[in-house]
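Welcome, and please open your viewer.

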Amino acid sequence: MRLTVTLAACSILAARSVWGWGAIGHETVGYVAMKFLSPKALSFVQSSLGSEYSESLGPAAPWADDVRSEAAFSWSAPFHFVDAEDNPPTSCSVEQIRDCSSGTCILSAIANYTTRVVDTSLSTEQRQEALKFIDHFIGDIGQPLHVEAVEVGGNDINAVCNGEKTNLHAVWDSGIINIFLKAQYSNSAIVWANALTQRIQTGDFKSLTSTWLSCSSTTEPVNNRRRSIEDDINGLVSDATITPLECPLVWARESNAYDCSFVFSYTGFSDLCTSLYATGAQPIIEEQIAKQGYRLAAWLNVLFDGSTGL
């Protein structure tokens, strides 16, 4: 099935900017994921995306943002985020029932397209669409302001980035990224992705990867063990209904926690992209991009190869 949303909801959400990371951030998530795909997942990605997307999750990742403003895809706008009704920076939380009771949020969207991408009764075009949504939404859920309701996910908070008027959401989408990408990564998503991949394989991220693939709440363990991506996906695809998944909820909570620990500490900085605010934000952004690329690969590996392979 395809998730749907009412026309009334679409009209309310039409003015909201739902770009997760900018195109560069999303492409980088996709390029990182390509480095960790298992054989069958890689084969499906390459054959599904074809030459239009250079057989890669990188170029395909921004597609969901590119089409969301089109009439044919206006229904997809609410699925790029979840409005956490919390109170940063005092308290941060994401709750499935409280924040996604209607089923029209990124949590339910990831579940829906996970079932569709492996549904062989669907057309090649429909399965490719599902893959591109998964590619994009697993990236989106790592952006802290895509899991936050306050001031429309920061869209209504005025900010200055590199001398230009903008908003807090845009600063996190692309403002800070554009500056350090040019200064440190030759203004290239591929160069950035290669650097993040090296940090995952042999650098400072290597020791973190096992925790990236765990999907257990630290306060609500499942049967006294750590829940995994395999648990989530195997339970979903064997069920006749689309049920809430643990992993996307845990990932959303991780991202949302940054809204309390850092994102909303923007006061006192005249320019968020050329100050110590940007210096503090960059490590968060880089880890979130690397983490979601690694998770995207793991997600697809379980679907097509039966295990994360990581």
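Start with the surface display: the accessible surface of the protein comes to about 12800 Å², and 51% of that belongs to carbon and sulfur atoms (areas by the Shrake-Rupley method with a 1.4 Å probe; for residues, only the protein chains shown count as cover). This is a predicted model, where local features need pLDDT of at least 70 and side-chain atom pairs count only at pLDDT 80 or more, while totals for chains, interfaces and linings use all residues. Residues are numbered from 1 along each chain as its sequence is written, and side-chain values use heavy atoms, leaving out hydrogens and water.

Now switch to cartoon. The protein has 14 helices and 2 strands (DSSP runs numbered from the N terminus: helices are H or I with at least four residues, strands E with at least two). Colour by burial next: buried residues make up 57% of the 310 residues (buried is under 20% relative accessible area, exposed over 50%, partly exposed in between, with a 1.4 Å probe and protein chains only).

**Select α9 and α14**

Take residues 168-184 for α9 and 276-305 for α14; their axes come within 10 Å and cross at roughly 90° (axes are lines fitted to C-alpha atoms, for helices over the stretch in contact, with angles from 0 to 180 degrees between N-to-C directions). The two helices are therefore roughly perpendicular (65 to 115 degrees; under 35 is roughly parallel, over 145 roughly antiparallel, the rest oblique). Show side chains: L168, W172 and F180 are among those α9 brings to the contact, with Y277, A281 and I285 among those from α14 (contact means heavy atoms within 4.5 Å).

**Select the largest nonpolar core**

This core holds 93 residues, and those touching the most other members are L57, W172, I229, I285, W299 and L300 (a nonpolar core is a set of buried Ala, Val, Leu, Ile, Met, Phe, Trp, Tyr and Cys residues joined through side-chain atoms within 4.5 Å). Helix α14 gives the most to this core, with 16 residues. Centre on L57: beyond its neighbours within four places in sequence, its contacts include M34, L131, L296 and L300.

**Select I134**

Go to I134 in helix α8, residues 124-140. I134 is buried, at 1% relative accessible area. Its C-alpha lies 9.2 Å from that of W299, although 165 residues separate them in sequence.

**Select S38**

Which loop holds S38? S38 sits between α2 (23-34) and α3 (39-49). S38 counts as buried because its relative accessibility is 12%. Leaving aside neighbours within four places in sequence, S38 is in contact with N301, D305, T308 and G309.
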